[in-house]
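Let me put the structure up on the screen, and then I'll walk you through a few spots in it.

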Amino acid sequence: MTDEFYYKLKEFGRVKTNESLAKHVTIKIGGPARFFISVDKIEPLVGLLNYLKTEDINYLILGQGSNLLISDEGFDGLVIRITGNELPKIIPVGDKFHLEIEAGLSLSAAVNFAAQNSLGGLSWGIGVPGTVGGAVRGNAGAMGKDASSILQWVEVWRDGEILKLSVSECGYGYRNSNFKHNQDVILRACICLEAGDKQEIMAKMQEYLKQRRHTPFPSAGSFFKNLKMDKWPGDKKDLPELFLQRGSVPVGWMTEQLGLRGLSSGGAKISDEHGNYIVNFNNATQADVLNLVEEIKQRVYNKFGVELEPEVQIVK
């Protein structure tokens with residue numbers, strides 16, 4: 001990759017070289033990207049992706065970096081940060097409303113936009129970090145609800161084409177989708193919401209915010225996927241009623257049963273506030289986090305017979 005490549009990139013967005021990725025992920029771990037570009041509109045993003053297709057260049061897509069653990073060696077290629085502040089488009093459909101939202105908009109901005117327009121069904125997203133594109137990719141959720149339950153369609157760039165996919169074509173599962181396993185780049189999504197009372201929606205958002213636990217240290221959010229209830233090997237009668245209602249057993253609860261809060265490896269530890277958050281409390285490295293991850297997995301398996309699966313994307 002040459003100076004010519006650098007100047008070509010400038011046609012599509014704001015370009016930097018040897019940019020620290022720790023600055024762009026919420027856990028604040030990661031070495032430099034050889035090339036880094038911020039793109040805030042769909043048209044130049046598509047142009048960039050089409051150009052890269054002809055150049056055979058390794059690239060990584062980044063939103064707000066809330067679910068990523070990047071190598072301390074960095075990324076020897078191009079990191080594309082998709083941003084945007086274009087407000088969603090509201091389309092009335094019968095007695096409901098469709099919101100078309102660009103992938104780079106933060107999920108919190110979408111939640112607030114819906115509330116301001118008296119639209120209910122997205123309140124669970126309050127306080128969930130990341131972009132709409134990231135939420136759609138990972139089927140983000142909270143309070144027993146998730147992105148796929150309100151999605152209508154997803155528009156993606158795939159190998160030079162722009163496709164509109166139905167929800168059934170996206171392969172959704174718990175904190176999972178086809179997008180986590182293929183090269184599609186999410187451009188925009190459409191969700192379906194219902195008219196509601198603005199005050200009630202705002203009150204529900206405040207209630208959900210109070211239930212979310214926050215840590216003073218950088219983290220990637222919930223590190224492991226919670227366990228679906230049908231995978232729980234123990235006696236379900238021993239579980240709290242709320243877990244049965246929501247259909248899953250939180251990993252944070254499992255680690256707390258084992259007294260693991262505060263368990264550390266190097267500069268990484270399990271948060272004192274939340275048993276499924278791994279925090280960077282003292283200049284942690286990716287290796288520190290991965291060592292801690294293996295320790296947690298082993299202890300949880302020994303106690304509960306459960307194989308934990310990371311929700312966070314690990315880029316080595």
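So, which residues line the second largest pocket? They are Tyr 174, Lys 225, Asn 226, Leu 227, Lys 228, Lys 231, Val 306, Glu 307, Leu 308 and Glu 309.

Quick housekeeping before I go on. This is a predicted model, where local features need pLDDT of at least 70 and side-chain atom pairs count only at pLDDT 80 or more, while totals for chains, interfaces and linings use all residues. Residues are numbered from 1 along each chain as its sequence is written, and side-chain values use heavy atoms, with hydrogens and water left out.

Back to that pocket. By pocket I mean, on a 1 Å grid over the protein atoms alone, an open set of points where a 1.4 Å probe fits, with protein on both sides within 12 Å along at least five of seven lines; lining residues have an atom within 4 Å of a point. The volume here is about 230 Å³, and a volume is the space filled by probe spheres set on the points, with grid points joined across faces, edges and corners. The lining splits into four nonpolar, one polar and five charged residues.

Now the cores. A nonpolar core is a set of buried Ala, Val, Leu, Ile, Met, Phe, Trp, Tyr and Cys residues joined through side-chain atoms within 4.5 Å. Buried is under 20% relative accessible area, exposed is over 50%, and partly exposed is in between, using a 1.4 Å probe and protein chains only. The largest core has 41 residues, and Trp 232, Val 249, Met 254 and Val 289 touch the most other members. Several elements each supply at least two residues of this core, among them strand E2 (32-39), strand E5 (75-82) and helix H7 (251-257). Helix H8 (286-304) is also one of those suppliers, and H8 gives the largest share, six residues. The element names are DSSP runs numbered from the N terminus: helices are H or I with at least four residues, strands are E with at least two.

There's also a second, separate core of 37 residues, which includes Ala 114, Trp 124, Val 156 and Tyr 208.

Let's zoom in on Val 289. Leaving aside neighbours within four places in sequence, Val 289 is in contact, meaning heavy atoms within 4.5 Å, with Ile 27, Ile 29, Leu 69, Phe 223, Ala 268 and Ile 278.

What does Val 156 pair with in E13? The bridge partner is Ile 186. Strand E11 (residues 151-158) is mostly covered, with six of its eight residues buried. E11 pairs antiparallel with strand E13 (residues 185-195) over six bridges, and also antiparallel with strand E12 (residues 161-166) over six bridges. Two strands count as paired if DSSP finds at least two bridges between them. On the E12 side, Trp 153 has Ser 166 as its bridge partner. E11 and E12 form a hairpin with two residues between them, and Asp 159 in the turn has a positive phi of about 50°.

Ala 114, another one from the second core, is among the buried residues of helix H3 (residues 107-116), along with Leu 107, Ala 110, Val 111, Phe 113 and Ala 115. The buried residues of H3 pack against elements including E6, E7, E13 and helix H5 (198-211). Just after H3, Ser 118 takes a positive phi of about 55°.

E6 and E7 make another hairpin. Strand E6 (residues 89-93) and strand E7 (residues 96-102) pair antiparallel over five bridges, and Lys 89 stands opposite Glu 100. With two residues between the strands, Gly 94 takes a positive phi near 60°.

Arg 175, in the loop between E12 and E13, counts as buried because its relative accessibility is 10%.

Key: Nonpolar A, V, L, I, M, F, W, Y, C, P; charged D, E, K, R; others polar.
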